[in-house]
Amino acid sequence: MKFDIVTIFPRMVGALLSEGLIARAAERGILDVAVHDLRSFARDRRRTVDDVPYGGGPGMVMKPEPFVRAARHLRRHRGAPDAVVLMSPQGAPLTHAEAVRLSGLNHVVLLCGRYEGVDERVREHVATEELSIGDYVVSGGELPALVVVEAVARLVPGVVGDAESVRADSFTRNLLDWPHYTRPADLDGCRVPEVLVSGNHAEIRRWRKRAAVRRTIERRPDLLRHSVLDEEEREILQDLQGPGQARKAGAGI
Ligand code: 9WO
């Protein structure tokens, strides 16, 4: 799978891509992630990418032409993309389902904005879609674009060594993870749950399922509606939500 990231901070983005899972997948030829300096698509000597807003107001707006030229350049040199994504707080929320959809594409371009915003015509004529990573303020699209690359790339076969661990990951099933422990078994009196050191694998499996279902009930009851549960987990859910169980105030389930 091929990603192209367009940004005024190519070194910032490149630094995060040069280590870890993504870098290893790129070395192995499974991923091709390229970073492009938006300023190199500016035409003036100063390499200007922003301008004052029409209608007045504070701050600067990113000019459309560098994005238009970047998209043209990428089309010519990297091939026609399947999606051109503008990272934006106005975009559709990034979810596991969205990541799955994008992981089925061959070539995705990610456009990163800065300043007060991006000229609306970039949205309308360059981008094919907009994605948000959540309802909070960040200063630009760079970290959000990296979040998208990482969330999507992990779902590309071969990027994560152990396919089972991708399948087991929480949001594949809309169920939160169970608690994890490693040595020591006793940390200044805080002991690892006895069942995990018992060697009884059926019991361990059941304990983990119960812990995952309980956590989802307590922390993310909104997920539970979409959870994909096996029969044992459904029984555990019924048991935990049974008539004898006080429902958590405001849990919304
Ligand atoms: C500022 C603002 C102020 C009051 C009310 C709403 C507001 N939204 C913004 C805003 O969107 N600022 C952007 C910050 C302007 C362009 C650069 N910024 C940005 C954020 N680019 N991309 C993101 C982003 C955030 C979350 N997910 C994906 C992209």
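**Ground rules.** I'm working with a predicted model, where local features need pLDDT of at least 70, side-chain atom pairs count only at pLDDT 80 or more, and totals for chains, interfaces and linings use all residues. Residues are numbered from 1 along each chain as its sequence is written, and side-chain values use heavy atoms, with hydrogens and water left out.

**Overall build.** I counted 11 helices and 10 strands in the chain; these are DSSP runs numbered from the N terminus (helices H or I, at least four residues; strands E, at least two). Along the principal axes, the C-alpha atoms fill a box of roughly 70 × 45 × 40 Å.

**Ligand shell.** I found 16 residues around the ligand, the closest being Ser88, Pro89, Ile133, Gly140 and Gly141; to be near, a residue needs a heavy atom within 4 Å. The protein buries 66% of the 600 Å² that the ligand exposes when taken alone (Shrake-Rupley, 1.4 Å probe). I sorted the shell into 7 nonpolar, 7 polar and 2 charged residues, with Gly counted as polar and Pro as nonpolar. Strand 5 (83–93) and strand 8 (129–132) each supply at least two shell residues, and strand 5 gives the most, with 3.

**Polar contacts.** I used N or O pairs within 3.5 Å. A backbone N or O atom of Ile133 is 2.9 Å from a ligand nitrogen. For Gly141, a backbone N or O atom lies 3.3 Å from a nitrogen of the ligand.

I checked the loop between helix 8 (170–173) and strand 9 (186–187), which holds Pro184. The Arg183 to Pro184 peptide bond is cis, with omega near 10°. Asn174 sits in the loop between helix 8 and strand 9 too. Asn174 is not a glycine, yet I read a positive phi of about 55° there.

Notes: Polar contact = N/O pair within 3.5 Å; in protein donor to acceptor, adjacent residues only side chain to side chain.
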